[in-house]
Amino acid sequence: MTTELLEGCTGVLVLSDGTVYQGLGCGATGEALGEVCFNTAMTGYQEILTDPSYMEQIIAFTFPHVGNVGVNADDVEQLGNDPKRAAKGAIFRDAPTPPANWRSTLSFNDWLVSRGVVGLSGIDTRSLTKKIREHGMPHGVIAHSPSGVFDLEALKAKAREWKGLGGLDLAIDATVTQSAAYTTDLWQWPQGFSDGTKKEFKVVVIDYGVKQNILRALVDIGAEVQIVPAKTSAEDILARKPDGVLLSNGPGDPAATGEYAVPVIQKLVKSGVPVFGICLGHQMLGIALGGKTIKMSQGHHGANHPVKDETTGKVEIVSMNHGFAIDRDSLPEGVVETHISLFDGSNCGIAMTGKPVFSVQHHPEASPGPVDSLYLFERFAQNMRNAKVSA
Ligand SMILES: NC(=O)CC[C@H](N)C(=O)O
């Protein structure tokens, strides 16, 4: 062990290439190891940090002032609020600011401490972002030590030795262990959350690490929602007589998750039940239909990404969080590309011709971000209505 005292520094980010950023620790003390990505959203830090899709990742926020609206019980995206099933660490330009908002019940920094999330502030997040854009998402460790004593060599070794997200199935750790009903509708001014009242469809959600706003958006279109664990069989799902099945978002490598998810999805597609996939669910639907996924270099993480719906020609501004993508060239006949990213041309949506089966890479449920893509839940509702009529 070769520890050293770094003057005026209580937090560091150490990357696998040996780069060291010195700053000030915030949130919990200790270490966090993971893939470092940047997120360009200007609001919604609590939703971002509680999105299970960020498991094993450290998020660098490009927006410099984070913490202004504190935290509250409503803006938690994960089911169950287990800190281990969400982002591992967070990096900020400025130290988390004190809360000034009527919805706040706790300061952002105290919340990070209570969840054991290690934070780092006071580093040049622009240079880190540029580095990620040029070289891809590195493996890194944040260490927060109020004494200012760090073992940089040991931290470099940890970052270098970590195997990364490729080939890692994390949905299995993020999923619920038992089926459950979900009844909460979308948040509305001024009453906040309330239970849904319309009951037009039965929707089974296969949970790979679902965000609650997906469930709420389903309740809002009139769905009675049943959440089932990731390894639930197609027979069990179909025995519930669903009008539609939603494949959720989630963490990790879709190819690794696909091993158990793909045969289930293939049977569901064959049964004719309408299917809607979001993010990890989109990637796994792609694999189930014969396509392949690739690891992206910098990925997409933000709430301001332009995506074009090729079926209508309209552009929507969307919420994004992914580091893998469907390789469009691998899509077989009978599967069309419906959406593309206007940032880098990558695939953002697919559909089967002549079947009520489609999926998108972005997050139509927003939370955080714009609600331009909520229409996709209506598209799913319409598919379920049509299937009911022809049944
Ligand atoms: N939000 C998600 O579902 C992310 C999917 C997958 N883990 C990825 O990073 O691409």
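This is a predicted model: local features need pLDDT of at least 70, side-chain atom pairs count only at pLDDT 80 or more; totals for chains, interfaces and linings use all residues.
Local features require pLDDT of at least 70 and side-chain atom pairs count only at pLDDT 80 or more, while totals for chains, interfaces and linings use all residues. Numbering starts from 1 along each chain as its sequence is written.

The shell around the ligand consists of S53, N249, G250, P251, G252, C279, L280, N321, H322, G323 and F324, a residue being near a molecule if its C-beta atom, placed from the backbone, lies within 6 Å of it. Strand β16 (residues 315-327) supplies the largest share of this shell, four residues; strands (E, at least two residues) and helices (H or I, at least four) are DSSP runs, numbered from the N terminus. Four shell residues are nonpolar, seven are polar and none is charged, where Ala, Val, Leu, Ile, Met, Phe, Trp, Tyr, Cys and Pro count as nonpolar, Asp, Glu, Lys and Arg as charged, and the others, Gly among them, as polar.

S53 is located in the loop between α1 (45-49) and β5 (57-61). S53 is classed as buried because 29 C-beta neighbours lie inside 10 Å (buried: 20 or more other C-beta atoms within 10 Å; exposed: 12 or fewer; partly exposed: in between; C-beta atoms placed from the backbone). Beyond four places in sequence, the contacts of S53 (C-beta atoms, placed from the backbone, within 7 Å) are G209, N249, G250, P251, C279, L280 and N321.

G252 lies in the loop between β13 (244-247) and α8 (254-271) and is also buried, with 26 other C-beta atoms within 10 Å. Its contacts, leaving aside neighbours within four places in sequence, include M55, L165, D169 and T257.

Terms used. Two residues are in contact if their C-beta atoms, placed from the backbone, lie within 7 Å.
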